[in-house]
Amino acid sequence: MKIWEMTAVSIGERIRQGEFTSEEAVRSFLDRTEGEEERIHAFVHLDGEAAIRRAREADRGIREGRYAGPLAGVPVALKDNICTRGIPTTCCSKILADFVPPYSATVAELLERAGAVILGKTNMDEFAMGSTTETSCFGPTKNPWDVSRAPGGSSGGSCAAVAAGEAPAALGSDTGGSIRQPASWCGVTGIKPTYGRVSRYGLIAYGSSLDQIGPIGRDVSDCAALLEILAVHDPRDATSAAGKNGFPGGPIGGGKPEEALRGAAGLRVGIPEAYIGEGTDLAVRRGILQAGEALLQAGALVETFSLGLEDYVIPAYYTIASAEASSNLARFDGVKYGRRAEKAPEDGLHEMYKKSRTEGFGPEVRRRILLGTFALSSGYYDAYYLKALKVRTLVQKAFDRAFEKYDVLLAPAAPTTASRLGESLSDPLKMYLGDIDTVAANLAGIPGLSMPWCLDEAGLPVGIQIMGNRFREDLVFRAAFACEALRGSWAEVWKREGGECS
């Protein structure tokens, strides 16, 4: 097996055992990226020389005992909205085209302290606004399974990089499903942790009460290992979880993979009926029911139930997210932050603002800023924004009731498999409705993990989503390890004939 085909945890283990070095691992992924990037376009900034220098330093640190963790020496890619000192961070927007941060995000610092090697920055929907990674000013990323299809978004570059073997692991951000949905479409594993579990310091904000950084890997173990590194209380982030080690709900990992099947016994699993109802592709629905049946046979309690409020989560989410985007992106005006229009008009400050923002922001970002500004405006605040906040509280209470009865919830990560490039951009409303399976977790602040389960009739990945109560990532991982053991090797699933959900 080539290095670039291995999981992140396996690479780290073999580096520690001396089978190969971090430098050799990094070179393997750089070579793979050179051959794949023209086809996939997962990266927007890649500095191979800097990554090799860092890998050599990691090798020294491993030999000297300074780096001993499971991901020491392992290459990791970062989404282009996570600040990295000295490395461009643009949010894939023209307005930040020249921005090189003077500091690094907490998550980037934590990775470096653990001995990981940052490969570069991955493509994304502009300011994380989109579900296909097609609104990037650098052009779209393509799905490694079928380059005529989108990888999902907004963390599509990170998910595509892992799926294509350009990186063994990556970080993304999830505001309404931006890790879980592209993980589902690209056949990789990704988790949105509990809101506050991972520091947002250094993450360029879209919706501050919804955004959460999370890991993406080839399997559940990769995500668990990354989250163990990232889940640290950060005094620089006012929303970072307090409590012992920042883990008020208990440990992260939820057991070892080899204990996975035993972990399914006694697990209480609920499947929300509306998530597998009208609007969900047949292959996706079958995948969820197959996973539920497998857990049932392994000793779990599995049943369907009515969560409620599904009809309201999309309008509530887009009202809140757009309002927060309007506020957060107001700073990018060509004066305080952001690129100023080259030929700024001389007839007033407001005209300069307007020209700079019109040139700097793409159509989808402008659409959401306008929607959010309208929702916050005098006369409409109570009718839209305040009402959306009340719905959010009801959604949180609905999940609280569900978790009184169930340990985890099982649902799709997306109602369809990967769409063709251009389909969603031609119908923004359809793109918004495609977030139906993921936005509720962000409104409620709960963790959600997406992992591949099977293939549809076109040979595209079908992902399942496992959601848990706040700060109960341990139960989410317990269920995910069980599903992974029941599914078997993902490589074998897509290689063997008849692996589709049928």
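Guide: What follows is a walk through the sheet and the helices lying across it. This is a predicted model, in which local features need pLDDT of at least 70, side-chain atom pairs count only at pLDDT 80 or more, and totals for chains, interfaces and linings use all residues. Residues are numbered from 1 along each chain as its sequence is written, and side-chain values use heavy atoms, with hydrogens and water left out.

The sheet is open and mixed in its pairing, with 11 strands in the order β1-β3-β2-β4-β6-β5-β10-β11-β9-β7-β8; strands here are DSSP runs of E of at least two residues, helices runs of H or I of at least four, both numbered from the N terminus, and two strands pair if DSSP finds at least two bridges between them. At the edges, pairing on one side only, are β1 (43–46) and β8 (301–305). Between neighbouring strands the average turn is 30°, direction ignored, where axes are lines fitted to C-alpha atoms, for helices over the stretch in contact, and angles run from 0 to 180 degrees between N-to-C directions.

Within this sheet, β4 (residues 169–174) runs antiparallel to β6 (residues 212–217), and 6 bridges join the two; Ala169 has Gly217 of β6 as its bridge partner.

Helix α7 (residues 220–230) lies across β4, β5 (189–192), β6 and β10 (448–455), at about 145° to β6, contact meaning heavy atoms within 4.5 Å. Helix α13 (residues 381–405) lies across β7 (268–272), β8, β9 (408–412) and β11 (461–468), and runs at about 115° to β9.
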